[in-house]
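Work through the exercises below with the sequence and the 3D view at hand. Each task is followed by a worked solution.

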Amino acid sequence: MRRRAVVGAGAVLALAAVAVSSTEEAAGADYGTRPVPDFLGRGLWRVFTRLDRRTRLDVHDVSGRDRRVIWPPRWRVVTQYPAAGTGLDRRTTVMIGVVRKGENCPPRVRTARR
């Protein structure tokens, strides 16, 4: 009797897993319709909270000091690609250029993004 209960519970869990994965695939079907938000001038933490967890993200320091971006609340976004309003699909990598809060955006970066 116990073996049947265990097998039955395993089958229920397997069906639940299939249902969840098919729901995620259905949600992923409209993944390309979401536009990229405008992150310029905002904190880096907003990037992590506004983008979907499946979005490919490349964050780098544009100050020229080649620092690691470890603590997102201390950084401010100064460049972004693709531009705000562009639709995302699974192949798109969002590239974010940041400087530490309180620092100015380097002139070479400021003129290149316009």
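**Exercise 1.** Does Phe 48 count as buried, partly exposed or exposed?

Solution. The model is a predicted one. The relative accessibility of Phe 48 is 40%. Buried requires under 20% and exposed over 50%. Phe 48 therefore counts as partly exposed.

**Exercise 2.** Classify the aromatic pair found in the whole structure.

Solution. Step one: the search of the whole structure gives one aromatic pair. Step two: the ring centres of Trp 45 and Phe 48 are 6.4 Å apart, and the planes meet at 55°. Step three: planes under 30 degrees apart would be stacked and those over 60 edge-to-face. At 55° the pair of Trp 45 and Phe 48 is therefore tilted.

**Exercise 3.** Where do Trp 45 and Phe 48 lie along helix H2?

Solution. Helix H2 covers residues 44-50. Trp 45 and Phe 48 are three residues apart in it, so about one helical turn separates them. Trp 45, with a relative accessible area of 49%, is partly exposed.

**Exercise 4.** In what order do the strands of the open sheet lie, and which are the edge strands?

Solution. The three strands have the order S1-S3-S2, with mixed pairing. Strand S1 (56-61) and strand S2 (75-81) each pair on one side only, which makes them the edge strands. From one strand to the next, the twist averages 30°. S1 and strand S3 (residues 93-100) run parallel and are joined by six bridges. Arg 56 has Thr 93 in S3 as its bridge partner.

**Exercise 5.** Which charged end sits over the ring of Trp 75?

Solution. That of Arg 100, at 5.6 Å from the ring centre.

Conventions: Residues numbered from 1 in each chain as written. Predicted model: local features only at pLDDT ≥ 70, side-chain atom pairs only at ≥ 80, totals over all residues. Heavy atoms only, no water. Phe/Tyr/Trp six-rings, centres within 6.5 Å; stacked < 30°, edge-to-face > 60°. Helix = DSSP H or I, 4+ residues; strand = E, 2+ residues; numbered from the N terminus. Buried < 20%, exposed > 50% of the residue type's maximum accessible area, 1.4 Å probe, protein only. Lys NZ or Arg CZ within 6 Å of the ring centre and 35° of its normal. Pairing = 2+ DSSP bridges. Axes fitted to C-alpha atoms, helices over the stretch in contact; angles between N-to-C directions.
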